[in-house]
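Please read the following points with the sequence and the model open beside you, and check each one in the viewer as you go.

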Amino acid sequence: MSTEPRTVTLATADHGDVTLPEPSWCAGHAHHDPESLRVDLIHAGPAVDLDHRGRTLLSAELVQSPHASPGPRHLGGRTPGVSVHPLGQTLNPVELYGLAADLDRYADQLRALADQLDATLGGGQ
Ligand SMILES: [Zn+2]
């Protein structure tokens, strides 16, 4: 088994072939567009989806753009983060725990609403 760091070489429109260290969590670059700019290269992990009735309500994945220009952290960048759709932001660990806590509260509210609906409909009689 090789102890060499994994790398991936990707064609770009502005810098030719670019070789990057490949993080162990990256799901690969099967859909890479060779017309991409180097600044837009991105590692992405497998998506974690919240699906319900055939629709994806929420999706999250580890991401890192190793050549991103400096910018607002919530838009992603050189530091790995978790991109959340449709929120459209890249979160750090504290923010992701915050999202999980909000979803816990929301699940409680849905259960309370289901209880209210069940009572309104006669409590399963
Ligand atoms: Zn990658």
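1. The protein chain of this predicted model is divided into two parts, with domain 1 covering residues 7-91 and domain 2 covering residues 93-125. When the centres of domain 1 and domain 2 are taken over C-alpha atoms, 32 Å separate them.

2. The peptide bond that joins His85 and Pro86 is cis, with an omega of about 5 degrees. Most peptide bonds, by contrast, are trans.

3. Although Arg53 is not a glycine, its phi is positive, at about 50 degrees. As a general rule, most residues other than glycine have a negative phi. Is Arg53 buried or exposed? Arg53 is exposed, because 5 other C-beta atoms lie within 10 Å, and a residue with 12 or fewer is counted as exposed.

4. Finally, consider Ile42, which is placed in the loop between β2 (16-21) and β3 (43-44). Ile42 has 17 C-beta neighbours inside 10 Å and therefore counts as partly exposed, a class that lies between exposed, at 12 or fewer, and buried, at 20 or more. Which residues does Ile42 contact, once its neighbours within four places in sequence are left aside? Ile42 is then in contact with Val63, Gln64 and Ser65. As for Gly98, which is 56 residues apart from Ile42 along the chain, the C-alpha atoms of the two residues are separated by 25 Å.

Technical notes: Residues numbered from 1 in each chain as written. Predicted model: local features only at pLDDT ≥ 70, side-chain atom pairs only at ≥ 80, totals over all residues. Domains from an automatic or database assignment. Helix = DSSP H or I, 4+ residues; strand = E, 2+ residues; numbered from the N terminus. Contact = placed C-beta atoms within 7 Å.
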